[in-house]
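These notebook entries record what I looked up in one structure.

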Amino acid sequence: MKRIGVLTSGGDSPGMNAAVRAVVRTGVAKGLEVFGVRHGYQGMIDGEIAPMDARSVSGIINRGGTILHTARCMAFMEAEGRVRAAEQLARHGIEGLVVIGGDGSYRGAEALHAEHGVRCIGLPGTIDNDIGGTQYTIGFDTALNIAMEAVDRIRDTADSHDRLFFVEVMGRHSGFIAIMASIAGGAEEVLVPEEQCDVATIVARLQLAKSRGKTSMIVIIAEGDEQGNAFSVAKKVAEMSEFKDSRVSVVGHMQRGGSPTAFDRILASRMGVRAVEALIDGATGMMVGIENQEMVLNPLSSTWEKKSQFSPDLLRVSRLLAT
Ligand code: F6P
């Protein structure tokens with residue numbers, strides 16, 4: 001194998017640039033030619049493929065987003081789209097691919113290998129931290145720290161006004177950011193999609209906190225919670241309790257931007273190195289993960305067969321310390 005490609009796909013996450021840098025520089029150091037594919041699979045179909053060298057990834061390790069740009073591509077879900085993409089790769093002589101993204105992106109990679117023989121290695125790039133086969137995904141730590149800082153700032157104004165706040169953080173199907181931010185930010189209550197919780201229970205917990213002398217309170221809500229978004233939870237709580245004058249704050253896409261933390265930069269760098277080494281060793285259909293400090297390879301399919309879940313003990317700790 002002489003030529004490999006690298007792309008970012010799905011929602012961006014801080015640290016993707018560090019991963020791209022690591023893939024390019026490792027490839028170059030090992031004597032490979034490395035091509036960057038812009039705009040994910042859509043760019044592959046459209047032929048947005050260009051050579052990269054060590055200098056083309058200078059000064060990006062500290063930058064959020066992805067210099068390769070990203071997309072969620074419907075056309076690649078169809079066999080016909082993959083035929084066009086494979087033709088573009090063949091035109092550039094690219095035999096191996098590093099796909100930085102989430103499990104949706106890996107399904108495409110798996111199909112590309114099965115149908116066209118392109119060797120593919122995945123790197124987990126998402127702020128949600130919900131990909132099976134790795135304890136951490138690239139971008140989660142940065143997003144969590146932004147969520148925590150948002151909670152800290154809201155705490156100041158909540159305290160000053162003796163107010164109840166509902167703070168919505170990201171995680172469509174995953175409460176990782178919410179539960180971690182609730183512990184790190186000392187929230188009074190947390191709602192996550194992994195746990196069923198009715199509004200009466202939330203109200204009871206808030207009333208208990210109030211009876212214990214709390215004058216301001218913060219409820220963190222993962223955007224994918226079954227009770228709805230922060231606005232609808234605040235409305236339901238107001239309808240059935242004395243907590244009528246709360247405020248809602250949605251942290252939103254701020255969590256996806258900004259300079260990655262040291263943790264994410266190091267994680268992305270190690271994963272990028274391992275991905276290229278895996279390709280050179282002939283691996284395909286695998287994702288690089290981190291388990292107990294070590295880089296590991298797990299089948300791409302395992303990433304969507306079993307989502308990574310946070311320990312239920314975190315909910316216990318969050319609620320115990322919210323008293
Ligand atoms: O998967 C990452 C994520 O940030 C989720 O937490 C969120 O639900 C989703 O992407 C938002 O996607 P979009 O940027 O397309 O609105």
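This is a predicted model: local features need pLDDT of at least 70, side-chain atom pairs count only at pLDDT 80 or more; totals for chains, interfaces and linings use all residues.

**Entry 1: Glu189.** I began with the polar contacts of Glu189, and I found that its side chain meets the side chain of Arg205 at 2.6 Å. I then noted a second polar contact, of 2.9 Å, between the side chains of Glu189 and Arg319.

Next I asked where Glu189 is placed. I located Glu189 in strand β7, which covers residues 189-191. Is Glu189 buried or exposed? Its relative accessibility is 1%, and the limit for buried is under 20%, so Glu189 counts as buried.

I also listed what Glu189 touches, leaving aside its neighbours within four places in sequence. The contacts are Cys197, Ile202, Arg205, Ile218, Val219, Ile220 and Arg319.

Entry 2: I turned to strand β6, residues 164-169, and found 6 of its 6 residues buried. I checked the two faces separately. Leu164, Phe166 and Glu168 are buried on one side, and Phe165, Val167 and Val169 are buried on the other.

Which strands pair with β6? I found that β6 pairs in the parallel sense with strand β8, residues 217-222, over 6 bridges. In this pairing Val169 stands opposite Ala222. I also found 4 bridges between β6 and strand β9, residues 247-250, and these two strands run parallel as well. Here Glu168 stands opposite Val250.

**Entry 3: the open sheet.** I looked up an open sheet of 7 strands and wrote down its order as β3-β2-β1-β4-β5-β10-β11. The pairing in this sheet is mixed. Which strands stand at the edges? They are β3 (49-52) and β11 (294-299). Each has a single partner strand, so one side of each is left without a neighbour in the sheet. I noted that the twist averages 30° from one strand to the next.

Strand β4, residues 96-101, and strand β5, residues 119-124, pair in the parallel sense over 6 bridges. Val98 stands opposite Ile121 of β5.

**Entry 4: the ligand.** I asked which residues lie around the ligand. I recorded Arg72, Thr126, Ile127, Asp128, Met170, Gly171, Arg172, Glu223, His253 and Arg256.

I then looked up distances from polar side-chain atoms to oxygen atoms of the ligand. For Asp128 the distance is 2.7 Å. For Glu223 it is 2.4 Å. For His253, an N or O atom of the side chain is 2.9 Å from a ligand oxygen atom. I noted that the ligand taken alone exposes 400 Å², of which the protein buries 78%.

**Entry 5: His161.** My last entry concerns His161, which lies in helix α5, residues 140-161. Its relative accessibility is 48%. Exposed would require over 50% and buried under 20%, so His161 counts as partly exposed.

How far apart are His161 and Ser216 in sequence and in space? I found them 55 residues apart in sequence, with 7.6 Å between their C-alpha atoms.

Technical notes:
Residues are numbered from 1 along each chain as its sequence is written. Side-chain values use heavy atoms; hydrogens and water are left out. Two strands pair if DSSP finds at least two bridges between them. Axes are lines fitted to C-alpha atoms, for helices over the stretch in contact, and angles run from 0 to 180 degrees between N-to-C directions. Buried means under 20% relative accessible area, exposed over 50%, partly exposed in between (1.4 Å probe, protein chains only). A residue is near a molecule or strand if one of its heavy atoms lies within 4 Å of it. A polar contact is a pair of N or O atoms within 3.5 Å; within protein, one must be able to donate a hydrogen and the other to accept it, and residues adjacent in sequence count only if both atoms are side-chain atoms. Accessible areas come from the Shrake-Rupley method with a 1.4 Å probe; for residues, only the protein chains shown count as cover. Contact means heavy atoms within 4.5 Å.
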